[in-house]
Amino acid sequence: MISLTLPAPAKINLTLDILGARPDGYHEMEMVMQSVSLCDTIRLDLGFAGGVRASSGLQFLPNDKDNLAVAAALAFRKATGQTWRDLLITIEKRIPVCAGTAGGSSDAAAVLRGLNELTDAGLSPQALAKIGEEVGSDVPYCVLGTTALAGGRGEALTPLSPLPPCWIVLCKPRFSISTPALFRAWDRGKRRLRPDTKGILLALEAGDLVEVTRRMFNVFEGVLLPTQQREIESIKTALLTAGALGAAMSGSGPTVFGVFREKALAESAVALLREDYEEVFLTEPLSGPLPALRET
């Protein structure tokens, strides 16, 4: 049995735009994505008897192919033609679940990166991202990470200039949001405000944090249920009042994030939000790949 432990970082959407429906049933997306230092920890034990399975200690998370981490392992084995049978994937969750921060997708991406190392497959990150397309729309981005423009259904990735150093506060409300329901609501609704994608790309290139935060926007915020919208706006207001340069909902939500220049202000915002919310995190942007650590 050989083992590896590696991090699986969360992501936020600095912008999220929907360009239209696609013939394949998906939607054409345009998103500026950013990985952050809040991570799950993934341990892979290759050769641990019992088939391919996941363990997280959370009863509501599946441990079979319905878990994206297991699905990624099976997809990797099929794509590489390998014949190993047994793999235990132990997931230490820190990223909130069903939160618009790619916790499951990042776990899957970590499995792909880890198996590539454990089995000496020698696949490039781009080849791993291609395998990830079969697993989930956010998995290719999570394989590559850092700052990127995502198109297609999320798999067409263009690296961008990094988000300038800052502090990011994440706050997850106590309700969940159905991603398919959001897309249906968007399909039915009138086209409202859209993010200034070109402007945020120029701001990133210039390293201008203020201009980046002024352009953060998620079109899903416009199609939330009224009760959800009120709470999202309440959290955004709290973040801005606490000194955030900008705030938005990430992905299909419900996690809201605020970007701060000063750590002290971000820490104060965390303390304030924790009076009302259980899942509040202080994190920062990642600008490079995370190392994998081989177990002895």
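Trainee: In this model, what share of the contacts with a separation of 6 or more is made by residues 24 or more positions apart?
Mentor: Keep in mind that the model is predicted, and that all values here are computed from it. Among the contacts in the protein with a separation of 6 or more, those between residues 24 or more positions apart account for 73%.

Trainee: Which elements of secondary structure does the protein hold, and how many of them? And what does the radius of gyration say about how compact the protein is?
Mentor: The protein contains twelve strands together with nine helices. For 296 residues the globule rule gives 19 Å, and the protein is therefore as compact as a globular protein of that length, because its radius of gyration is close to that value, at 19 Å.

Trainee: How far does the C-alpha trace span along the principal axes, and what percentage of the residues is buried?
Mentor: Along the principal axes, the C-alpha trace spans about 55 × 45 × 40 Å. The accessible surface comes to about 13400 Å², and carbon and sulfur atoms hold 52% of that surface. Of the 296 residues in the protein, the buried ones make up 51%.

Trainee: Where does V70 lie, and is V70 buried or exposed?
Mentor: V70 is part of helix 1, which covers residues 68-80. Leaving aside neighbours within four places in sequence, V70 is in contact with several residues, including V52, A54 and I89. A residue is called buried when its relative accessible area is under 20%. V70 has a relative accessibility of 1%, and therefore V70 counts as buried.

Trainee: Which parts of the chain does the salt bridge between R215 and D196 tie together?
Mentor: The side chains of R215 and D196 meet with a distance of 3.1 Å from N to O. R215 lies in the loop between helix 7 (209-214) and strand 8 (217-218), so its pairing with D196 ties together parts that are 19 residues apart in sequence, the other part being the loop between helix 5 (179-188) and helix 6 (197-206).

Trainee: Which residues are linked with R215 in a network of salt bridges?
Mentor: E211 also forms a salt bridge with R215, and the closest N and O atoms of that pair are 2.5 Å apart. As for accessibility, R215 is partly exposed at 24%, and E211 is partly exposed at 21%. The residues linked with R215 in the network are D196, E211 and R214.

Trainee: Where are K236 and E221, which form a salt bridge, and are they buried or exposed?
Mentor: The closest N and O atoms of K236 and E221 are 2.7 Å apart. K236 belongs to helix 8 (residues 226-241), whereas E221 sits in the loop between strand 8 and helix 8, and the two are 15 residues apart. In terms of accessibility, both K236 and E221 are buried.

Trainee: What kind of peptide bond joins G253 to P254?
Mentor: Most residues other than glycine have a negative phi, and most peptide bonds are trans. P254 lies in the loop between strand 9 (246-249) and strand 10 (256-260). With omega near 5 degrees, the peptide bond from G253 to P254 is cis.

Trainee: Where is D120 found, and what is the value of its phi?
Mentor: D120 is found in the loop between helix 2 (103-118) and helix 3 (125-132), and at 67% relative accessibility D120 counts as exposed. Although D120 is a residue other than glycine, its phi is positive, near 55 degrees.

Conventions:
Residues numbered from 1 in each chain as written. Predicted model: local features only at pLDDT ≥ 70, side-chain atom pairs only at ≥ 80, totals over all residues. Heavy atoms only, no water. Helix = DSSP H or I, 4+ residues; strand = E, 2+ residues; numbered from the N terminus. Rg over C-alpha atoms; globule rule 2.2 N^0.38 Å. Buried < 20%, exposed > 50% of the residue type's maximum accessible area, 1.4 Å probe, protein only. Contact = heavy atoms within 4.5 Å. Areas by Shrake-Rupley, 256 points an atom, 1.4 Å probe, with all protein chains shown as cover. Salt bridge = Lys/Arg side-chain N within 4 Å of Asp/Glu carboxyl O.
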